[in-house]
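The following note sets out numbered points on the structure, for reading beside the coordinates. Please consider each point in turn.

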Amino acid sequence: MLNVSIYRYNPEVDAEPYMQDFEVDTQGKDLMVLDVLEKLKAEDPTLVFRRSCREGVCGSDGMNISGKNGLACVTPLSEAVKKNKLVVRPLPGLPVIRDLVIDMGQFYAQYEEIQPYMINNSPAPAIERLQSPEERAKLDGLYECILCACCSTACPSFWWNPDKFIGPSGLLQAYRFLADSRDTATEERLANLDDPFSVFRCHGIMNCVQVCPKGLNPTKAIGHIRNMLINSAT
Amino acid sequence: MVTSVTSLGRSGLSDWMIQRISAWVMTSYLVFIVGYFFANPNLDYAQWTELNSSLPMRMFSLITILSIAAHAWIGMWCVLTDYITVRLIGPKATAIRIFFQLGMIAVTLLYVLWAIDILWGI
């Protein structure tokens with residue numbers, strides 16, 4: 001039997017959050033953490049968590065699994081269980097709505113801040129704006145982000161200043177549009193980032209790189225933004 | 001774009017660059033001083049005074065002191081804006097943060113002036 005400890009908090013009933021212990025029979029299988037949560041929910045329907053695609057594409061089930069942020073659907077027990085114990089908490093740093101569900105409003109506000117869409121005011125060509133294979137290759141490692149918030153909620157700089165520091169996820173997306181050959185708002189985008197918080201609150205802690213379930217590297221993207229700022233401002 | 005009035009360079013890039021350059025200055029000063037001690041194992045007061053009263057050494061010391069001051073200002077400003085915030089300690093945070101920021105800036109400037117006084121008093 002696997003020991004599972006889960007963060008529980010229902011603000012309508014509980015005065016404060018607590019950890020609830022369960023025992024789950026995994027039948028010796030290396031299940032995903034999400035499978036274990038589903039088993040528990042079948043027993044206790046009051047347990048609340050987000051999930052959707054169950055294959056690491058939608059980014060709904062980001063949570064703190066045995067101390068490390070990750071997607072429950074693609075984290076096997078063999079990675080997460082220590083001494084026959086699985087500890088599941090909500091992503092840290094953002095307000096908890098209930099159990100493992102957090103309010104991601106601040107995270108999305110920072111995403112909105114970087115204008116996550118193509119800006120190009122030149123007349124659109126008849127079919128599409130073409131890119132060379134080399135220009136397209138610059139977007140690899142950037143466009144794959146699924147906005148699960150595992151990285152930003154693992155970042156101490158984002159914990160302290162979630163309203164001012166854009167955070168690794170937003171900055172990875174910021175660079176995705178800065179690096180896009182079809183986007184023409186590079187200077188405006190850079191001008192919006194050149195303050196002591198938006199980009200420069202990143203101190204290279206690299207928790208983001210450690211936890212990203214898609215294997216992306218926000219710290220590297222932040223370095224590229226910094227180099228673009230240096231190129232444009234010196 | 002987040003505005004800031006008590007950071008040293010007002011811009012993130014400027015603060016970042018000052019932080020890196022001042023780190024290099026401090027490192028080279030440290031390497032020079034330690035190297036000088038090793039190269040002169042029988043260093044006496046007269047030689048030490050002569051070194052420190054020469055203009056190039058005074059300039060090097062002054063640049064290092066300015067680097068320490070700038071580095072400390074940027075670093076302390078980061079620490080204060082991380083931990084003394086309304087989010088962490090409540091509505092009085094802004095007043096407390098401004099108090100500490102101005103105090104930190106005043107102490108830093110006083111140290112710089114004091115150091116200049118010492119350097120040119122040798």
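Predicted model: local features only at pLDDT ≥ 70, side-chain atom pairs only at ≥ 80, totals over all residues.

1. Strand 1 (residues 2-8) and strand 2 (residues 18-24) of chain A run antiparallel and are joined by seven bridges. Within this pair, Asn3(A) has Glu23(A) of strand 2 of chain A as its bridge partner. Strands here are DSSP runs of E with at least two residues, helices are runs of H or I with at least four residues, and both are numbered from the N terminus. Two strands count as paired if DSSP finds at least two bridges between them.

2. Residues are numbered from 1 along each chain as its sequence is written, and chains are lettered from A and ligands numbered from 1 in the order in which they are written.

3. Strand 1 of chain A also pairs with strand 5 (residues 85-89) of chain A, in the parallel sense and over four bridges. Here Val4(A) has Leu86(A) of strand 5 as its bridge partner. Strand 3 (residues 62-65) and strand 4 of chain A run antiparallel and are joined by four bridges, with Gly62(A) opposite Leu71(A) of strand 4.

4. In what order do the five strands of the open sheet of chain A stand? The order is 2-1-5-3-4, and the pairing is mixed. Strand 2 and strand 4 (68-71) of chain A are the edges, each with a single partner strand, so one side of each has no neighbour in the sheet. On average, neighbouring strands of this sheet are turned by 30 degrees against each other, direction ignored. Axes are lines fitted to C-alpha atoms, for helices over the stretch in contact, and angles between N-to-C directions run from 0 to 180 degrees.

5. Helix 1 (residues 33-43) of chain A lies across strand 1, strand 2, strand 3 and strand 5 of chain A, and runs at about 95 degrees to strand 2. Contact between two residues requires their C-beta atoms, placed from the backbone, to lie within 7 Å.

6. Elsewhere in chain A, the axes of helix 6 (residues 167-178) and helix 7 (residues 186-193) come within 10 Å and cross at roughly 155 degrees. On the helix 6 side, Ala174(A), Phe177(A) and Leu178(A) meet Thr186(A), Arg189(A) and Leu193(A) of helix 7. The residues of this contact divide into four nonpolar, one polar and one charged. In this classification, Ala, Val, Leu, Ile, Met, Phe, Trp, Tyr, Cys and Pro are nonpolar, Asp, Glu, Lys and Arg are charged, and the others, Gly among them, are polar.

7. Overall, chain A has nine helices and seven strands, and its C-alpha atoms fill a box of roughly 60 × 35 × 30 Å along the principal axes. Of its 234 residues, 38% count as buried (20 or more other C-beta atoms within 10 Å of the residue's own; exposed means 12 or fewer, partly exposed in between, with C-beta atoms placed from the backbone). Among contacts in chain A with a separation of 6 or more, 67% join residues 24 or more positions apart.

8. Arg54(A), which is not a glycine, has a positive phi of about 55 degrees. Arg54(A) lies in the loop between helix 1 and strand 3 of chain A and is partly exposed, with 17 other C-beta atoms within 10 Å. Arg10(B) likewise has a positive phi, near 70 degrees; this residue is in the segment before helix 1 of chain B and is partly exposed, with 14 other C-beta atoms within 10 Å.

9. In chain B, helix 3 and helix 5 (residues 93-119) pack at an angle of about 170 degrees with their axes 10 Å apart, and are therefore roughly antiparallel. Residues of helix 3 including Trp73(B) and Trp77(B) take part in the contact, as do residues of helix 5 including Phe100(B) and Tyr111(B). By class, this contact has 17 nonpolar, three polar and two charged residues.

10. The contact between the chains takes 13 residues from chain B and 14 from chain A. On the chain B side, helix 1 (12-39) and helix 3 (55-83) are the elements that give two or more residues, and helix 1 gives the most, with four. That side has five nonpolar, six polar and two charged residues.

Key: Parallel < 35°, antiparallel > 145°, perpendicular 65-115°, else oblique.
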